[in-house]
Amino acid sequence: MPLTRIIRRTPDELASAAADLIATQVHSAIEKTGECVIAVGGGTTPVATYRELAARDIDWARVVFVQTDERMNSEPTDRSAGAIEAALGLSDPGHRATWYPIRLSCTSHTTAAAYDELLTRVRAVGGPDIAVLGLGTDGHTASIFDHSRPEGTCQRVIATTYHGEQRVSLGLAYLRAVPTRILLATGTSKSAALAAILNPAPDAAPASAAVVLGQDGYVLADAAAHLGQV
C-alpha cells in the first residue's frame with residue numbers, strides 16, 4: 001500500500017479524521033485477533049485526536065494502550081502519560097481499556113528495560129497493531145533522534161537523550177514493524193519537516209519520522225502543516 005495522505009483544513013477537522021481512521025483500524029484488528037494494541041505518543045496534535053477517539057463507539061475492553069515514549073522528568077506535569085490518560089479518559093471510573101504507561105525508574109536504562117519486559121507480557125509475539133505518532137520540527141518521531149545508532153535501530157525500547165534531557169522510547173525497528181503507522185502534524189512549525197518526508201531531497205538523510213513511516217504509512221496534516229494545500 002502506498003503512503004496515504006489525508007489533509008484537512010483545520011486542526012479540529014484533522015483530529016476528527018484521525019479519530020475516524022484509528023477507530024476503523026481498531027475495529028479491524030479486533031475482528032481479526034480479538035484485541036487491539038495501540039502505541040500512543042504525546043504532543044498537542046495526538047492528544048487532540050485522542051479526545052475525539054474517546055467518543056467513538058469502540059469495544060474498549062478489547063483495547064490495550066502502550067506508550068511510544070516518555071521524558072525522564074521528575075515533574076508529572078511535564079510527562080506525556082498524564083495528558084494521554086486525560087484525553088482518552090483512561091482514569092475515568094468504568095473505562096474498560098487497559099493502559100500501560102511508561103513507569104519511570106531511577107535511570108533511563110532501567111526504565112527502558114522494565115518497559116521492554118512489560119511489552120513482552122502484553123504481546124509475546126509481534127508488537128502493537130497501531131502506532132499514533134507526532135512529528136517534531138526536526139523530523140523526529142517518538143523519542144528517536146539518532147536512528148543511525150545500532151541500538152536505536154534494533155532494540156524494542158531504548159534510552160535516549162534530547163537536548164540534555166533523558167528519555168525512553170520504543171525503538172525504530174519495533175515501530176517500523178507496526179502494521180498501521182499514523183503520523184500527525186499541524187501548524188506551520190511542522191511544514192518543513194513534513195515537506196522533507198513527503199518530498200525528500202535525493203541526497204538527504206531521512207529523519208526518524210520518515211524511516212518509521214516508510215512507504216505504506218498514513219500522514220494526516222492540517223493545511224498549515226501541508227503548506228496550505230488541501
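**Close-up 1. Phe65 and Trp99, where β3 meets β5.** In this predicted model, Phe65 has Trp99 of β5 as its bridge partner. The two strands run parallel, and three bridges join β3 (residues 63-67) to β5. Helix α3 (residues 80-88) packs on the sheet here, touching β2, β3 and β5. The direction of α3 makes about 155° with that of β3.

**Close-up 2. The whole sheet, strand by strand.** Seven strands make up an open sheet, and reading across you get β1-β10-β9-β6-β2-β3-β5. The pairing is parallel. At the edges sit β1 (4-8) and β5 (98-100), each of which pairs on one side only. From one strand to the next, the twist averages 20°.

**Close-up 3. β10 and its two neighbours.** On one side, β1 and β10 pair in the parallel sense over five bridges, and Ile7 stands opposite Ala221 of β10. Then there's β9, joined to β10 by four bridges, with the two strands again running parallel. In that pairing, look for Leu184 opposite Leu220 in β10.

**Close-up 4. Which way do the β10 side chains go?** Tyr218, Leu220 and Asp222 point one way from the strand, while Val219 and Ala221 point the other way. Buried means under 20% relative accessible area, and five of the five β10 residues are buried, so the strand is largely enclosed by the rest of the structure.

**Close-up 5. Helix α1 laid over the strands.** Residues 11-33 form α1, which lies across β1, β2 (36-40), β3, β6 (130-133), β9 (180-185) and β10 (218-222). Against β10, the helix runs at about 160°.

**Close-up 6. Two cysteines, Cys36 and Cys106: buried or exposed?** Cys36 has 0% relative accessibility, so it counts as buried. Cys106 comes out at 66%, which is why it counts as exposed.

**Close-up 7. The largest pocket.** Its volume is about 410 Å³. There are 23 lining residues, and the closest to the pocket centre are Gly42, Gly43, Arg71, Gly134 and His140. Which elements give two or more residues to the lining? They are α2 (44-54) and β4 (69-71).

Methods
Residues numbered from 1 in each chain as written. Predicted model: local features only at pLDDT ≥ 70, side-chain atom pairs only at ≥ 80, totals over all residues. Heavy atoms only, no water. Pairing = 2+ DSSP bridges. Axes fitted to C-alpha atoms, helices over the stretch in contact; angles between N-to-C directions. Contact = heavy atoms within 4.5 Å. Buried < 20%, exposed > 50% of the residue type's maximum accessible area, 1.4 Å probe, protein only. 1 Å grid on protein atoms, 1.4 Å probe; cavity = no way out; pocket = protein on both sides within 12 Å on 5 of 7 lines; lining within 4 Å. Points joined across faces, edges and corners; volume = space filled by probe spheres on them.
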